[in-house]
Amino acid sequence: MRQHISFNLNGRPVSMDVGAHEDAVDVLRRRNLFGARESCGQGLCGCCTIKVDGVPVSGCLTLGLKLDGAEVETVEGLEREGVLDIVQQAFIDAGAFQCGFCTPGFVMMASDLLARVEAPTDEQIKDHLAGNLCRCAAYPEIIAAVRAAAEKRSAHAQV
Amino acid sequence: MSVETMNRNEGKNQPEVGRDVPRLESRRKVTGRADYVHNLSVPGMLHAKVFRSTVPHGRILSIDTSEALDAPGVHYVLTGEDIRAMFPHPYYGPAFHDQPVLALDKVRYVGEPVAVVLAEDPFAAADAVQMIVADYEELEPVYDEVEAVTSPVVVHDVLKPAGTFPDLKHLHGKRDTNVALDYQLRRGDCDAAFSAAAHVFEHEFRSQPVMHVPLEPMVSLAVPDHDRLTIHTASQSPSFVRMEIARLLGWPENRVRVMVPHLGGGFGAKLYIKLEALVACAALIARAPVKLSLTMEEQFYTITKHASTFRIKTGVDADGRITARRCEVYWNGGAYADIGPRVTQKSGFTAPGPYDIENVSIDSYALYTNRPPAGALRGFGIPQLVWAYESQADIIARELGQDPVEFRRRNLLRNGRPQATGTIMESAAIHEVLETVVERLEWAKPFDRGSGPVRRGRAIAIGFKASIAPTTSVAIVTVAADGSASLSISTVDMGQGSDTAMAQIVAETLGIPTEEVTVVHPDTDTTPYDMATLGSRSTFHTGNAVKRAAEDARERLARLAEEAGMPAQDSYAPAEVFRKRYGMQAGTVTGTGSYIPEYRSPDEDGQSPKVTPYWMIGATGVELEVDTETGHVHVTRMVNAVDCGTPLNPKIVEAQISGAAIMQFGFTMSEEMHFDAGQVTNASFADYKIPGIHDIPPLMDEYIVDAVQSGGPFGAKGVGESATFGVSPSIAGAIEDAVGVRLTELPLTPEKVLRAIRAAAGDPLED
Ligand code: FES
Ligand code: FES
């Protein structure tokens, strides 16, 4: 069974046929977006994190058909006109990844946190990223990156 | 003793090497645009799904694939016999040619690939797999590595060593044994030394089976093209894949092309042949591209880390000097040897630990059992050994009433002294690594062990490793007419940062910024041979090859300048040389370099003047709290120090140190594959707990001791595994320091801690 759906993908309208068995990661792959990627396939690792109507979800547990009419954001949408988002840049500066497979998920959750909390504590950072796994264990650098991004943002805000 | 440690900002003399260059592919990784095989698809591609054995040991009676073949979207359903009909000897493996592409005649573990469905989409393939029915005559299984030595159950009727390793030759054609390798070392006279010793200690330590779980599950795609075959694969060893697939097909190597983009983690899981033989055979039979992507669950059926049993007997004189040590190590290799025999031998070199011991006897056995195959996992067996010898070091020190650090200081090897293999220690900052941890943990200060239900403890452990020798790396540096340089190597950047570090070597040698060097990813059509990306060998081996290739390019540029009639000088602007020589922006300069370290095979007593080109050293110190009412252990502080020579990129090295330590922390505290009748029962992150962001010790410090590796490129050597060594024994030691109970089996779960506490209090928990 396939159904035609329309949604906004990183701010642009798209429409496509989606099978009932496809999840959001499958759908995005067909749009050549590979940043949200399936690893555990069970909602346990966060590698497939995307935002649907502003809420971060596991793409591997989200039916493709559910994207119909939604505002969908992926890691690819964070970069604006060739300029990296503050979190992405902070991840580079802090060296907050090794293999990079988990990175889009962490970046999505970290930017979600910064959208909600002005100056997150380390405990808040950890809580917000607790659903994301990194087998390379870049956790110390990830925490440092999020902290740095928050500081940089508040420095910008004060200028 | 004062210790000089270098932290990342204290600067290095050379501008490119030693600089904290961010990973070259950083931007791709944070934007989700890095290439992984995971992302790849090609037109006309079929999706493979594997049907797996449900019994641990059995003869295959029949496999009924008819219903699956009729399912919608299914093109082929292949069994081992279909493979054998086309490829007469469909067995592979780096040490033994023992692993069939799909099970033949027998199945040897639950989860072994028995048949494969090729279908138009992955869902159709997965549905069809459910329709396959296999019948087995079940055989008695053997699971335990020690039982496997004497068990009447034999996993392989006959041993089939690959022939590439001279030390496996004597095993050829051997029947009725599960022993795939018996490594031994004899030095001095252990028996006499034990009789003369003031104290003799005997213990047994066990480690559990675990899995690497790279977040990008194993994936391979084979694309046939007339008389050639291209394999895109998430592999740490593209050169080996090409050689082994060519051998399997009976083709010359140049008809097989292996390409590897970025890897979503490896840790040893993606070495040698994993899915490549299956997709290659299937693609050639189907005459269509075939992609196989494993699920997270299926990774647990593919490769694991050896469970081990280590019996260690140590004689000590009245002053606390170790006079003799006997090591018996049993490695649970599972159903297929993979690289297990190499783990058994190479780790055997250092089984008695980094101590100066006159009398040593080592027996290390690789065993076949009816479990998923075991291979290399970040440390090549060393973490299992350090777990045992450093646990015992603490036990001995405690019994002798000595400070555990003093006990180690007294016994540690020094440069210039022979190690157990007879190889003389050099460029090994063992003492410096220990003293760094001692100092940073403030060992000399009084330590509050607490009172009440939560007790505190601390401990330090140190380990070392011989590199995997003799192995070859080759590199090509190409300078284009505009002066830009690219580096071709078959070393795989799986996250450890080799692309960046190697580019730094090129940049340093050619006098250009690292950011301007392009690293060509492994493509065996163009990138030269590299043995494999494993065992922390790349920095030293590939690094030396890259340095030589860059030097060669530099010399060729100078010659070109001479031909162009330019005055001799130290360095040239390459673009200008090309323009002068060819009259326009034209030409190419190619420099090549290769490297193989000196190595001498051990004799029958395991003695050799050169078993390794360098030693890797790592130590860990921890402070922790034990809740005596729940058995819960909270590591509050962890200090790791390594000798990695002079780091090429200190910041990436620090991330390697903490990453390795945290991974081993998972293997110490929570990770364990559980089995029921041979079936893995927790093959999911829901039931197999790897460290998350909340689990890491709140205080973690990484130190790189000031050191220079002789013969290393710019004084560097590998570091990817070093910080795993001391983690498990330091935590077990700190638990004993806190609550007086000693655990000898990993992992150190709250249940085990609580049981031990209650047993020691004479109030054991019920089973
Ligand atoms: S792949 Fe979706 S949470 Fe792991
Ligand atoms: S960087 Fe490799 S899993 Fe996180």
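This is a predicted model: local features need pLDDT of at least 70, side-chain atom pairs count only at pLDDT 80 or more; totals for chains, interfaces and linings use all residues.

Colleague: What is the phi of B:Glu442, and is the residue buried, partly exposed or exposed?

Modeller: The general idea is that most residues other than glycine have a negative phi, and most peptide bonds are trans. B:Glu442 has a phi near 50°, which is a positive value in a residue other than glycine, and its relative accessible area of 38% makes it partly exposed. B:His226, in the loop between strand 12 (219–225) and strand 13 of chain B, also has a positive phi, near 50°, and is likewise not a glycine. At 81% relative accessibility B:His226 counts as exposed, since the cut-off for that word is over 50%.

Colleague: Which peptide bond is cis, and where is its proline found?

Modeller: The bond from B:Leu746 to B:Pro747 is cis, with omega near -5°, and B:Pro747 sits in the loop between helix 18 and helix 19 (750–760) of chain B.

Colleague: Turning to helices, how should I read the span and the burial of helix 7 of chain B?

Modeller: One compares the end-to-end distance with what the number of residues predicts. Helix 7 (residues 238–249) of chain B has 12 residues, which should span 16 Å at 1.5 Å a residue, and its end C-alpha atoms are 16 Å apart, so the two values agree. For burial, 10 of those 12 residues are buried, and helix 7 of chain B is therefore largely enclosed by the rest of the structure. Among the buried residues are B:Phe240, B:Val241, B:Ile245, B:Leu248 and B:Leu249, and also B:Arg242 and B:Glu244. The elements that cover the buried residues of helix 7 of chain B include strand 5 (91–92), strand 13 (228–233), strand 14 (256–259) and helix 8 (276–286) of chain B. Just after helix 7 of chain B comes B:Gly250, with a positive phi of about 75°.

Colleague: At what angle do helix 17 and helix 18 of chain B pack, and which residues meet?

Modeller: An α-helix has 3.6 residues a turn, so residues three or four places apart point the same way. Helix 17 of chain B packs against helix 18 (residues 727–739) of chain B at an angle of about 55°, with the axes 8 Å apart, and the two are therefore oblique to each other. Their crossing is right-handed. From helix 17 of chain B, B:Ala661, B:Gln664, B:Phe665, B:Thr668 and B:Met669 meet B:Val727, B:Ser728 and B:Ile731 of helix 18 of chain B. The residues of this contact divide into 5 nonpolar, 3 polar and no charged.

Colleague: Why are helix 14 and helix 15 of chain B called roughly parallel to each other?

Modeller: Helix 14 (residues 498–510) of chain B and helix 15 (residues 538–563) of chain B pack at an angle of about 30°, with their axes 9 Å apart. Angles under 35 degrees count as roughly parallel, and the pair is therefore described in that way. The crossing of helix 14 and helix 15 of chain B is right-handed. Residues that meet there include B:Met502, B:Ile505 and B:Val506 in helix 14 of chain B, and B:Val546, B:Lys547 and B:Arg554 in helix 15 of chain B. The residues of the contact between helix 14 and helix 15 of chain B divide into 7 nonpolar, 5 polar and 3 charged.

Colleague: Finally, which residues is A:Pro56 in contact with?

Modeller: A:Pro56 belongs to strand 4 (residues 55–58) of chain A and counts as partly exposed at 22% relative accessibility. Leaving aside neighbours within four places in sequence, A:Pro56 is in contact with A:Thr49, A:Ile50, A:Lys51, A:Met109, A:Asp112 and A:Arg116.

Technical notes. Residues are numbered from 1 along each chain as its sequence is written. Chains are lettered from A and ligands numbered from 1 in the order in which they are written. Side-chain values use heavy atoms; hydrogens and water are left out. Axes are lines fitted to C-alpha atoms, for helices over the stretch in contact, and angles run from 0 to 180 degrees between N-to-C directions. Helices (H or I, at least four residues) and strands (E, at least two) are DSSP runs, numbered from the N terminus. Angles under 35 degrees count as roughly parallel, over 145 as roughly antiparallel, 65 to 115 as roughly perpendicular and the rest as oblique. A crossing is left-handed if the near helix is turned anticlockwise from the far one by less than a right angle, and right-handed if clockwise. Contact means heavy atoms within 4.5 Å. Ala, Val, Leu, Ile, Met, Phe, Trp, Tyr, Cys and Pro count as nonpolar, Asp, Glu, Lys and Arg as charged, and the others, Gly among them, as polar. Buried means under 20% relative accessible area, exposed over 50%, partly exposed in between (1.4 Å probe, protein chains only). The expected span of a helix is 1.5 Å times one less than its number of residues.
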